[in-house]
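These notebook entries record what I looked up in the structure, taken topic by topic.

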Amino acid sequence: MTFSQELRVAADDIYQGIFEHPFVVGIGEGNLHKEAIIHYVKADFEYLNAFMNIYGIAIAKSNTREDMTYFYEKIGFILNSEIHPHHNLCQVAGVGYDELQGYPLPPTANHYVAHMKSVAQQGSIGELIAALLPCPWTYLEIGHYLKEKYQPTEEHPFYEWITFYAKEDTASVTTELCERLDKWAEQVGEEEKQKAKLAFIKSCQLEYLFWEMAYQVEEWPFSLAGKGK
């Protein structure tokens, strides 16, 4: 069993919880309420900006041009490809994508971003990859799970969202990150691997909480100065 496979086994209960979360179920059933969709897109837009920042830190930690090129290309994937599922959500909610950009991160999303940035800045490249990996990996499995369970047709309101995360291009991100993490794990000791495992599990937990944050339309208890206030 590879290191990434060990991590997936360790986090299986979290993955199952994500599949059964009301937000994810709402996507599958096509009946997610508008407020949750809007809240999700607002937070995820800023979260993905942070994700690109962390790819930038990965470039800084890279020792070869091949590694630098790889992480640079992943930034391009977010900028040019991962906007498509956001557009699908906005169409269903009846709002323009531009209208949902520039909002402060809700508490849980802010916590998630802070966790990833802390690991990226202070940890090894393996810890950085482990902290990033649950995002593409859980979405990949969500896509396959929803596609298999609900077998959506093109008339399904979230057809584009589901099929985007179930397709091969999305799978390649997870596969490549797993391969890089496994290669790193073969060269380090048990203590380093345990740090990476902790980063991975925390990110999995926060993936679950991100869905909960969106579904509950979580806000700060008192207003923050920002757009729309």
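**Entry 1. Helix 3.** I looked up burial in helix 3 (residues 22-29) of this predicted model. The residues listed as buried there are Phe23, Val24, Gly26, Ile27 and Gly28. I then asked what covers the buried residues of helix 3. The cover includes helix 2, helix 4, helix 9, helix 10 and helix 12 (190-215). Directly after helix 3 comes glycine 30, for which I noted a positive phi of about 75°.

**Entry 2. Helix 2 against helix 9.** For a pair of packed helices, the description rests on the angle between the axes and the distance between the axes. I applied this to helix 2 (residues 12-19) and helix 9 (residues 134-150), whose axes come within 10 Å and cross at roughly 50°. That angle makes helix 2 oblique to helix 9. I recorded the crossing of helix 2 past helix 9 as right-handed. On the helix 2 side, the contact is made by Tyr15, Ile18 and Phe19. Helix 9 contributes Trp137, Thr138, Glu141, Ile142 and Tyr145. Sorted by class, this contact of helix 2 with helix 9 holds 6 nonpolar, 1 polar and 1 charged residues.

**Entry 3. Helix 6 and its neighbours.** I next listed the buried residues of helix 6 (residues 83-93): Pro85, His86, Asn88, Leu89, Cys90 and Ala93. These buried residues pack against helix 4 (34-61) and helix 10 (159-166). After helix 6 the chain continues with glycine 94, and its phi is positive, near 75°.

**Entry 4. Helix 6 against helix 10.** I followed up the second of these partners. How do the axes of helix 6 and helix 10 cross? They come within 8 Å and cross at roughly 160°. Angles over 145 degrees count as roughly antiparallel, and helix 6 and helix 10 are therefore roughly antiparallel to each other. Helix 6 passes helix 10 in a crossing that I recorded as left-handed. From helix 6, Pro85, Asn88 and Leu89 make the contact. From helix 10, the contact residues are Tyr159, Glu160, Trp161, Phe164 and Tyr165. By class I found 6 nonpolar, 1 polar and 1 charged residues in the contact of helix 6 with helix 10.

**Entry 5. Tryptophan 184.** I located tryptophan 184 in helix 11 (residues 168-185). Is tryptophan 184 buried or exposed? Its relative accessible area is 10%; the cut-off for burial is under 20%, so tryptophan 184 is buried. Leaving out residues up to four places away in sequence, I listed what tryptophan 184 touches: Phe3, Ser124, Ile125, Gly126, Glu127, Glu192, Lys193 and Ala196. For one of these, glutamate 127, I also looked up the separation from tryptophan 184: 57 residues in sequence and 9.7 Å in space, C-alpha to C-alpha.

Entry 6. Most residues other than glycine have a negative phi. I therefore looked up residues that depart from this. Glutamine 151 has a positive phi near 45° and is not a glycine. Its place is in the loop between helix 9 and helix 10. With 62% relative accessibility, glutamine 151 counts as exposed. Valine 217, likewise not a glycine, has a positive phi of about 50°. I placed valine 217 in the segment after helix 12. Its relative accessible area is 29%, and valine 217 is partly exposed.

**Entry 7. Glutamate 219.** The segment after helix 12 also holds glutamate 219. I noted a relative accessible area of 47% for glutamate 219, which means that it is partly exposed. What does glutamate 219 touch, not counting residues up to four places away in sequence? The contacts are His39 and Pro107. Between glutamate 219 and lysine 197 I found 22 residues in sequence and 30 Å in space, C-alpha to C-alpha.

**Entry 8. Record check.** Finally I consulted UniProt, where an unreviewed entry lists residues 11-216 as "domain: Thiaminase-2/PQQC". In the model, residues 11-216 are 80% helix and 0% strand. The end C-alpha atoms of this span lie 24 Å apart.

Terms used: Residues are numbered from 1 along each chain as its sequence is written. This is a predicted model: local features need pLDDT of at least 70, side-chain atom pairs count only at pLDDT 80 or more; totals for chains, interfaces and linings use all residues. Side-chain values use heavy atoms; hydrogens and water are left out. Axes are lines fitted to C-alpha atoms, for helices over the stretch in contact, and angles run from 0 to 180 degrees between N-to-C directions. Helices (H or I, at least four residues) and strands (E, at least two) are DSSP runs, numbered from the N terminus. Angles under 35 degrees count as roughly parallel, over 145 as roughly antiparallel, 65 to 115 as roughly perpendicular and the rest as oblique. A crossing is left-handed if the near helix is turned anticlockwise from the far one by less than a right angle, and right-handed if clockwise. Contact means heavy atoms within 4.5 Å. Ala, Val, Leu, Ile, Met, Phe, Trp, Tyr, Cys and Pro count as nonpolar, Asp, Glu, Lys and Arg as charged, and the others, Gly among them, as polar. UniProt positions are given in the numbering used here, feature names are shortened, and annotations may be inferred rather than shown by experiment. Buried means under 20% relative accessible area, exposed over 50%, partly exposed in between (1.4 Å probe, protein chains only).
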